[in-house]
Amino acid sequence: MKLTLNQKKAHDIERHIALTAGAGSGKTAVLVNRYIEILIKKNLRVGQVVAITFTEKAATELRQRIFHEIENRISDGRDVDKLIEIKGNMISAQISTIHAFCSKILREHPIEAEVDIGFRIINGIEQRISVRNSVKSILKTIAEYPEEDSSRQRLANLLRIFGEKRFEQIITKFFSRRYAIDQLSDKIYQLSDDQILSYWQQFIQDQLSQIIEKKFSIETWINQLNTALTIATGRNAKTVRDLVDKLDANRNLQKNIPILNQISDLVLTRDKKNIAKQNFFGRGTKIEEFENQVQFLVEAGQTVKTFPSINSDDRLLVGISHSLVEIYRKVRDHYDTQNAQQSVLDFDDILVKSKTLLRNPAIRNRLAQRYAYIMVDEYQDTNMLQYEILKPIISDFSTGNFFIVGDQKQSIYGFRDADVRVFQQTTNEILEYQEKNASDFKWDEQLLSSTQREKCGSLHLAENFRFLRNLIAFVNLLFEQIMGYEPENEFEVRYDPLIKGRINNASGDIELLLGSETQNEYQLITARIHHLINTEATVWERTDMGEMARPIRYSDIAVLIRNRTHLPQIESQFIQAEIPYRIAGGIGFYQRQEIYDIINYLQFLENPSNDVALFGLLRAPFFSLSDTKLYEITRMKLHSYLWEKLKNYGRLHLDQAEVHSAIETLTRHLNIFANLPISTLIRKVVGETGMISILSVGRQGNQRWANYEKLLDIAREFDKSSFTRLSNFLEQIEIMIVEEDREEQAVIEHASDSVQIMTVHASKGLEFPVVILPDLHHAPRTDSEPLVDAEVGIGISPKNPSQNFDKSGPAMTEIIKIRLTNRQLAEEKRLFYVAITRARDRLILSGTLEVGKRPKGWLSWTLDALGLTDEIHQSLYEFPVTIEVMSPELEGSYDQVSFTLPLSVIHSVSELGSSTRILESQIVEPTMNLPEIHIELLQSSNLGGTFSVNELVTYAYCPVMFYLKRQLGVSIDGMDSEIWQFNNNVNEPFDIAVYEVLSQIDSRSDCNQIHSLVQSATHGVTGLADVVQSHVDCFVQSEIGGTALNAEESYCGYQAHALVGKHIIHGEIDRTFKTSDGTWEIIEYKTENVGISSILDRINFYQTQIELQALFVHRLFADQEFVSTTIFFTQTGYSHRFGFNLLEIEEIEGRWIKRITDIQEGKFKLREKNCLICVDSNDRQCFNQFRL
């Protein structure tokens, strides 16, 4: 690749470098080439160069890019021998996340680090449950202390103030900010109350002093006040004049702050929103010519009054904070002890222990000698702890080589403790260290022009190779105002304009979609997407011949959202507009309705008195009771719980079939849930209710089904853990529902041409030809108490016991809130920047303007930056702009280009013209033409249909029977034959009893209960009990029965469902068990009396069903290369074993997909031969009866 001047400088390997790399600047290519150049030029081993990335995915991608570049260079014949050596050793390359890097160091020094060499890393839900258990354990322990114990008294006081639930939430949140709380514990909360209050007061004064010095200097105060006082005649004017004299006499900023506080009170109104015209200027004084002075006094006075003084509530806050930190320490000690006993570490442990380990001089020196070069990607998302780990390895810059690369404008992971200030601090330390050792940059032995700052190690890749011209101009125009060139506070970053580096003279487009009360914003978005597709608007595609224009496809478009709050509305509109889409990284797994519904069901089983869960599951597709019906049920008297009301309603309304079905199913599940693995229970619940069919219905059916399968995977992992109770599983899920709104939905296969919807965070590092940003008008979220500031303390407004438990107002809590709000707003600006800079060719901003309301959030920033503060009625706005463009002639120089930037504004769908699609529903009337019957398609989702094994087997035997009975519900005389009984689960009493008993015998140990099980199943009917006993004994005493009962793992009455092609097939497997060689087999019981002469016919008859169940086994245990299924006849003890290899499974699947396709296409043709119902007749009884 051809490198720019700045990229060449970034390849320097003789000095420490802090590289600021803007969006689309080619920094990954620099990383890749720099990594290889170091190994070649310094003749180092692969393991001596460390590359730290932000995620495992990024590490994998970087490793692949390096490997690919090595192969390219080998093909070009450059440094072949060394590159072949490097390529062979890439498996040992130190390219990883900071946590993986630190884990390696800890495992190399387990004794010094005081860790088990085989420690396991816990994260996510396992870590949260461990924290929660530690909190509960410590609270229980303290509660058992004697009443006079000070710890118990402090805990009792905290519980009175916060309540138990809120208190536990506070301690749990402390754990999420553990490193910050540990720092506060060591730095601040080891001080006395008075020392902390003194520190806080000084901190407030220092913060205010910095702002005054920067924005409202004392000289400016004095000048503006003296000018205003020339006309001020109000009652406060003389006092203000005296105070100004004190300011003039004493320029000490710290001592002037109280005076400024007094002045602010005198010149502003009581609410501090405006100038005090009457009290300061005087009644009737004309102040129009003093607008500048008024504006200054209002802004400066408001700033001063924003910083309150420490008050009595702050003493309450200090005492409570001391108590909270004390209990946190106890919980932390308990948590650490538990982890040590289990040989586990969480991610915070890994970093903290690594930092501690590196205090050992011998280890620090050893690592410094080993790792000659350290490169850190995405450095803007690191934090001080990570810097304090890496810095000792380079001996505070005195050994090795340290290279950091990132873009402070793209630091968006504050919720993961990323601190944008660390980038600047590291840069400053590099500059200071190399201040006297600066040398020129060289490339191919030629000197490169550079500034003194660059020579000291601070470089900047300002060239942008992503945007077209108009997008460059728009981003600069916007963020020069939003971010500015001078940061307003320590959390802000300055904006450096982007320089156009992309070699494409096309302009690019920026649009603004503005919804209103009468025009839904999401309708505008979908209409605009249709318009782009239908009018064949163009984007640019990179090819070997350069960039080529082509029409926009759906897959070129990305919709980037801040969070999942409005995702359901966006999805709904896309579905209605028939726009193909996929949710990349599908956020909000635990918040999906299908997951909620299943969890409601499980919560009811765990606690039948949970009315909320029962109400939810009764309304859900499990039973689909109407709200009217549920209202009737809830009005039942005599019972307090909904479950009792439901049963009583059923007893009084015998004609309510759907209610009785719900009661019967719920009762059955209540009786068995405690004995089933969670994954099996979920399958049973879904398979035995209406949920199995609904999961795959509709355009989102495939996603719902995949989410269901993902929940099953989570349950299977839980089944492997030491926890086995449903309550434990629900506790885990409860935490995830509340906390893990970023958990991805299940990944599914999508049509390649579909719009991508993802969060802005997920889009980091990606680019798209077209980007749409919806919901710009929503205000950003802010953090809630308790607030944690690692430099100041804990911010909270506790109830004051001495003031009747009224809410307190500590000044320090307000200060912390201001600081964190500034931090969050600064990150919101950067998040907006990241979102906008994902676009290559076209950017579409979208929001809603409400009449009479000022827009908020990103939309407010956008309109203010563009100067569009009045009502927006025009369809086109133009802005004069100037950008810099890389000069094609002179390296490192830029040409200035001025032009007019257009911004299109669309207010309604009608403005898009006739090319916008208007969707109309179409109704297809079914037709029927015997003997071949055609009906409308059954398929109702992106998946295929949903069918039971019984339905499909019926169709295989007789398509007309399937249609007449299953589709039309026609009753046919004589349908008492075996096939009809089998496919409708209509069995004789002894059949039902045999299956019931066998389903309860899981293993050999259950055999001693056979007699009692038989008596229970047959209700003590002697003749029936004897028959059932003989059938059960026949299986138990058989060879296959012995094998199954002795298996370590087995399931009876297993509710199975799996994808066959795109179709969902479900049914029940009588018994599945795991053999000694680790493979799974199936046993199907048959209770009919079959003579030896007809055994083969009967086996052939059942093969259709067995094929489907073999497909189940293959889907459930895909790694098996052979599937075995046995039919066992309980009357005679005869069995037959079927075996299918992978090729046969594939052929079976093909046959069944063909049959399902025939069903969906309405092909119900009579067989040439009679089916079993016609075995004694040639008159085709079922069809002829229907025809008559």
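1. Arg 107 lies over the face of Phe 119, at 3.7 Å from the ring centre, and in a second case the charged end of Arg 469 sits over the ring of Phe 899, 3.8 Å from its centre. A charge is counted as sitting over a ring if NZ of Lys or CZ of Arg is within 6 Å of the ring centre and within 35 degrees of the ring normal.

2. This is a predicted model, in which local features need pLDDT of at least 70 and side-chain atom pairs count only at pLDDT 80 or more, while totals for chains, interfaces and linings use all residues. Residues are numbered from 1 along each chain as its sequence is written, and side-chain values use heavy atoms, with hydrogens and water left out.

3. Across the whole structure, a search finds 30 aromatic pairs, where rings of Phe, Tyr and Trp (its six-membered ring) pair if their centres lie within 6.5 Å, and planes under 30 degrees apart count as stacked, over 60 as edge-to-face and the rest as tilted. One of these pairs, Phe 574 and Tyr 581, is edge-to-face, at 5.7 Å centre to centre and with 80° between the planes. Phe 574 is buried, with a relative accessible area of 2%, and Tyr 581 is buried at 10% (buried means under 20% relative accessible area, exposed over 50%, partly exposed in between, with a 1.4 Å probe and protein chains only).

4. The rings of Tyr 601 and Phe 623 have their centres 6.2 Å apart and their planes at 35°, so this pair is tilted. Both Tyr 601 and Phe 623 are buried.

5. Tyr 379, Phe 397, Phe 402, Phe 423 and Tyr 433 together form one aromatic cluster.
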